[in-house]
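Hi everyone, thanks for coming.

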Amino acid sequence: MKSMIVIPARLASSRLSQKLLLQAGGKSVLQHTYEAAMRCSVSEEVIVAVDDPRLAAEVDSFGGQARLTSVECQSGTDRIAEVALLHEDIDIFINVQGDEPEIDPKTIDAVAQLLMQHPEADIATAACPIRDRERVEDPNCVKAVLGDDQRAITFSRAAVPHPRDGLTDALLNAEPANYWQHIGLYAYRRDFLLWFAMQPPGRLEQIEKLEQLRAIEAGKTIVVTPVESSAPGIDTLEDFREFTARIESV
């Protein structure tokens, strides 16, 4: 099966202005993410789906391939769907977020390979175990509830599964893990991606503000590969400063 990595890149950011253009270690955040994506083995083709000529110019400056997409796109998935419309020869599109410069290429490979191994699935994604109470209870940490055969039952910002008798150390330290942090990395089949981008937001999606619930509510199948840890993304100035410190200390 033929796959392509697409990095959706939006210039505006509510919490950190133009964060993808910020420089750390002599490279932009976007370039760091692009280079991490290029190190995976599942696909040699990486396109950055941008919404602004300034991002396209940045991609050109480091020798990447940019595609200007509509400013009307409501999400990164919509940007990827625009790219998918032009590539009928691609079976699987992999969504790597532009603000994750430390994404592990092995995680990208694992997600894409999982979708290839599960012909019944529409989407593949990743999750890592949660072992501390604060993260379980943090609504900014999205939880994945997993069933058999690596299938996702649901996703939520709440502490799910909800511990009726209280969250104990035994529940937190169980093997296999009871609590999983969702990692926002996706692989989609092309037909599903085009269908998804045409659907209105789902009822559950609008309540939780989680796009993947649109697929769950429609009865689509999402499979999840477990990984050991999640790479930190860049949402705030503090995130960027910590990333810069790590890069410049190497």
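Before we start, one term: a residue is called buried when its relative accessible area is under 20%, and exposed when that area is over 50%. Keep in mind, too, that this is a predicted model.

With that cut-off in hand, let's go to the aromatics. There are six aromatic pairs in the structure. Take Y34 and F62: their ring centres are 5.2 Å apart and the planes meet at 50 degrees, so this pair is tilted. Where do Y34 and F62 sit in the chain? Y34 belongs to helix 1, residues 29–38, while F62 is in the loop between helix 2 (53–61) and strand 5 (65–68). That puts them 28 residues apart, and the pair links distant parts of the chain. Buried or exposed, these two? Both Y34 and F62 are buried.

Now another pair, F192 and F196. Here the ring centres are 5.5 Å apart with the planes at 35 degrees, so this pair is tilted. F192 and F196 lie four residues apart in helix 7 (residues 190–198), so about one helical turn separates them. Both F192 and F196 are buried. They also belong to one aromatic cluster, together with Y186, Y188 and W195.

I think you'll like the charges around that cluster. R214 lies over the face of F196, 4.4 Å from the ring centre. Over the ring of W195 we find the charged end of K220, at 4.4 Å from its centre.

Let's move on to the nonpolar cores. The largest one has 42 residues, and the members that touch the most others are I5, I7, I94 and I108. What does I7 contact, once we set aside its neighbours within four places in sequence? The list includes L30, T33, Y34 and A37, as well as V46, I47, V48 and A49. V96, Q97 and G98 are on it too. So much for that core; apart from it lies another core, of 30 residues, with I47, A152, Y186 and V224 among them.

Next, helix 3, residues 76–85. Seven of its 10 residues are buried, so helix 3 is largely enclosed by the rest of the structure. The buried ones are T77, D78, R79, I80, A81, V83 and A84. What do they pack against? Their partners are strand 1 (3–9), strand 4 (46–50), strand 5, strand 6 (92–95), strand 10 and helix 7.

Strand 7 runs antiparallel to strand 10 (residues 180–189), and six bridges join the two. One place to look is A124, whose bridge partner in strand 10 is A187. With strand 11 (residues 222–226), strand 7 pairs in the parallel sense, over five bridges. There, T125 stands opposite V224.

Last stop: the loop between strand 7 and helix 5 (133–137), which is where D132 has its place. D132 has 33% relative accessibility, so it counts as partly exposed. Now pick out Q212 as well: it is 80 residues from D132 along the chain, and their C-alpha atoms are separated by 24 Å.

That's my tour. Happy to take questions!

Technical notes: Residues numbered from 1 in each chain as written. Predicted model: local features only at pLDDT ≥ 70, side-chain atom pairs only at ≥ 80, totals over all residues. Heavy atoms only, no water. Pairing = 2+ DSSP bridges. Core = buried A, V, L, I, M, F, W, Y, C linked by side-chain atoms within 4.5 Å. Buried < 20%, exposed > 50% of the residue type's maximum accessible area, 1.4 Å probe, protein only. Contact = heavy atoms within 4.5 Å. Phe/Tyr/Trp six-rings, centres within 6.5 Å; stacked < 30°, edge-to-face > 60°. Lys NZ or Arg CZ within 6 Å of the ring centre and 35° of its normal.
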